[in-house]
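Please look at the sequence and the structure shown here, and then follow the report below, which goes from one pair of residues to the arrangement around it.

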2 protein chains.
Amino acid sequence: MKHTIAVLVENHFGVLSRVSGLFSGRGFNIDSLAVGETEDPTVSRMTIVVKGDERVLEQVKKQLNKLIEVIKVIDLTEKPYVDRELLLIKVTVTPKMRSQIIEVAELLQAKTISVGPKSISFEIVGESTHIENSLNLLRPFGIREVVRTGRIAISKDDQSAQDEIENGER
Amino acid sequence: MKHTIAVLVENHFGVLSRVSGLFSGRGFNIDSLAVGETEDPTVSRMTIVVKGDERVLEQVKKQLNKLIEVIKVIDLTEKPYVDRELLLIKVTVTPKMRSQIIEVAELLQAKTISVGPKSISFEIVGESTHIENSLNLLRPFGIREVVRTGRIAISKDDQSAQDEIENGER
């Protein structure tokens, strides 16, 4: 089973390296990892998708909580959440295939971001399944380049991650 | 000056940790880092935005090329490219403010992904400046949660990263 975990960390040099080292050192199977700033410039938020059973997940959470730079570990799998990923994709285009590619792009709600003599680049956002479908539908035209962000996720409830820290749930 | 670097790496455990450790160990100022799969399941692509002068950048590239898991380092700053970032943001909403928030969201081309009794969550995609503008425009309503992917980038030319490796530019 896949688990989506949000980790609030102090925005220090070396935190990313320590967190990713923790996973690689223990052989945890990371599916994706994304990291970005939060509203508080001293705090970054990592979204980690990890494969494994409950026991593995508990180990991961315990190890994360041991790191002093880790402010909070939120297991999003426990509550309703929305996840999204961003894909930039460059597809080969020939005059003959152009209208077909445009049709597929419209179906996928892809946005054109760059057009070259032999290629078109699109921006596509969605859940992982939408990203995978997009890759599958565009593959027959010839994919030149794929850049993905990794998955990020936000809970559907009104609470903020900050509330949870203040309520002493840490 | 900010530089955007794409690094193709072998999709092994520990690569992320080694690459980020290289940066933190040398005090390089990473602005953002994103990592995702490519079309080749054995290869991941990291997009790193790093601050510094030419000399710093040359050092970074040299160090990256020394790592055996690094397949190719592409300095996107040297050619035309498009960059994008994905933001998920949860904003406080009151009945009084709802229409104002919806107006601002439309201006920002934000997509509603979740609605709660006291909050709305949006998905916003764009260049870094658009993401910063979005945060600034939504901040007065009250931001509950911010999740960002970090920036990813794709070159505007027709060439693929794979072509460059095959042409012996490694």
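In this predicted model, H3(A) stands opposite V50(A) in β3(A). This pair belongs to strand β1 (residues 2-10) of chain A and strand β3 (residues 43-51) of chain A, which pair in the antiparallel sense over nine bridges; two strands count as paired if DSSP finds at least two bridges between them, and helices (H or I, at least four residues) and strands (E, at least two) are DSSP runs, numbered from the N terminus.

Eight strands form an open antiparallel sheet in the order β4(A)-β1(A)-β3(A)-β2(A)-β2(B)-β3(B)-β1(B)-β4(B). Its edge strands, each pairing on one side only, are β4 (70-75) of chain A and β4 (70-75) of chain B.

| Strands | Sense | Bridges | Opposite residues |

Residues are numbered from 1 along each chain as its sequence is written, while chains are lettered from A and ligands numbered from 1 in the order in which they are written. As this is a predicted model, local features need pLDDT of at least 70 and side-chain atom pairs count only at pLDDT 80 or more, whereas totals for chains, interfaces and linings use all residues, and side-chain values use heavy atoms, with hydrogens and water left out.
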